[in-house]
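Hello,

Here is the structure I promised to pass on.

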Amino acid sequence: MRTEAVTLPGSPERPNEDWVAAALPASGAGGTVVVLDGVTPPAGDTGCVHTVPWFTARLGGALTELSASRLDLTLPEILAAAIRRTADAHRNTCDLSHVRTPQATVAMARWDGTTVEHLVLSDAALLLRSPDGSVRAVLDDRLDRVPKEVLRSLEATDRLRNREGGFFTAAADPAVAARAVTGTTPRAGVRALAALTDGATRWVELFGEGDWADCFGVLDAEGAHGLLRRVRALEAAAAEAGGVHRGKPHDDATAVYAEL
């Protein structure tokens, strides 16, 4: 069993708002991976005195602990419990009802000797590779279905944030866990998996360097750091050519790769 996790900040002037963790029991019978992408808020009030990295560290730590220790809970139940625990840590100092309260996208996987569970919320991605080499991408495409012209308006985006007909992120309401894309796969049907934030999925979704199977091939051959190096090179070339991508020339980028 081999696991590699790498995260790179988008800018040395800003703290990395991503979170990544992998936990493997000493018995080797299973494991869990957790990837979060903190949502960078626009300038202005968020109702919270804490930073996005504070939030992702709290939520990511809770998700890692619970997914590794509470095998009696499903991943949606774990996400709900972790959101509740994180909210409890700052509900007395912050306005958690604010639409821009700290929040994050989520990709998780957990496996034992028989089953691989998965959960994705918002624009993180989880890739599952079968023994025959085929790759299945688990995606939550609700944000992609929002018209791009709508997302150019901060007010319009706020009206769609964690609302029916819009998109969902892990913020302060545990009920959002029921909105996640979830499922299970027999352990025999998964040889390896990867979880990526949207800073890493740029290789496929923004730059079009290949499909998800090609992306997994890069991870397999060059590791998580190899994929992120490729993304940074593409971003640098685009910036040199005058391209502007999603408002960020470089985004926080995180990838974790696990062979089961």
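Helix H6 (residues 212-240) lies across E1, E6, E7, E9 and strand E10 (253-259), and runs at about 40 degrees to E1. Lying across implies contact, meaning heavy atoms within 4.5 Å. Axes are lines fitted to C-alpha atoms, for helices over the stretch in contact, and angles run from 0 to 180 degrees between N-to-C directions. Helices (H or I, at least four residues) and strands (E, at least two) are DSSP runs, numbered from the N terminus.

Two points on the source. This is a predicted model, where local features need pLDDT of at least 70, side-chain atom pairs count only at pLDDT 80 or more, and totals for chains, interfaces and linings use all residues. Residues are numbered from 1 along each chain as its sequence is written, and side-chain values use heavy atoms, with hydrogens and water left out.

The sheet. It is open, with 5 strands in the order E1-E10-E9-E6-E7 and antiparallel pairing. Two strands pair if DSSP finds at least two bridges between them. E1 and strand E7 (135-139) are at the edges with a single partner strand each, so one side of each has no neighbour in the sheet. From one strand to the next, the twist averages 10 degrees. Inside the sheet, strand E6 (residues 125-129) pairs with strand E9 (residues 192-196) in the antiparallel sense over 5 bridges. Ala125 stands opposite Leu196 in E9.

The cavity. There is 1 cavity of 30 Å³ or more. About 50 Å³ of space lies in the largest cavity. Its lining is Val39, Thr40, Pro41, Pro42, Arg100, Thr101, Pro102, Gln103 and Arg161. On a 1 Å grid over the protein atoms alone, a cavity is a set of points where a 1.4 Å probe fits but cannot get out; lining residues have an atom within 4 Å of a point. Points are joined across faces, edges and corners, and a volume is the space filled by probe spheres set on them.

Arg161. This lining residue sits in the loop between helix H4 (154-160) and strand E8 (181-186). Arg161 is buried, at 10% relative accessible area (buried is under 20%, exposed over 50%, partly exposed in between; 1.4 Å probe, protein chains only). Beyond neighbours within four places in sequence, Arg161 contacts Val39, Val99, Gln103 and Phe167.

Glu13. Its place is the loop between strand E1 (2-8) and strand E2 (18-23). Glu13 is exposed, with a relative accessible area of 67%.

Best wishes

Note on methods. On a 1 Å grid over the protein atoms alone, a cavity is a set of points where a 1.4 Å probe fits but cannot get out, and a pocket is an open set with protein on both sides within 12 Å along at least five of seven lines; lining residues have an atom within 4 Å of a point.
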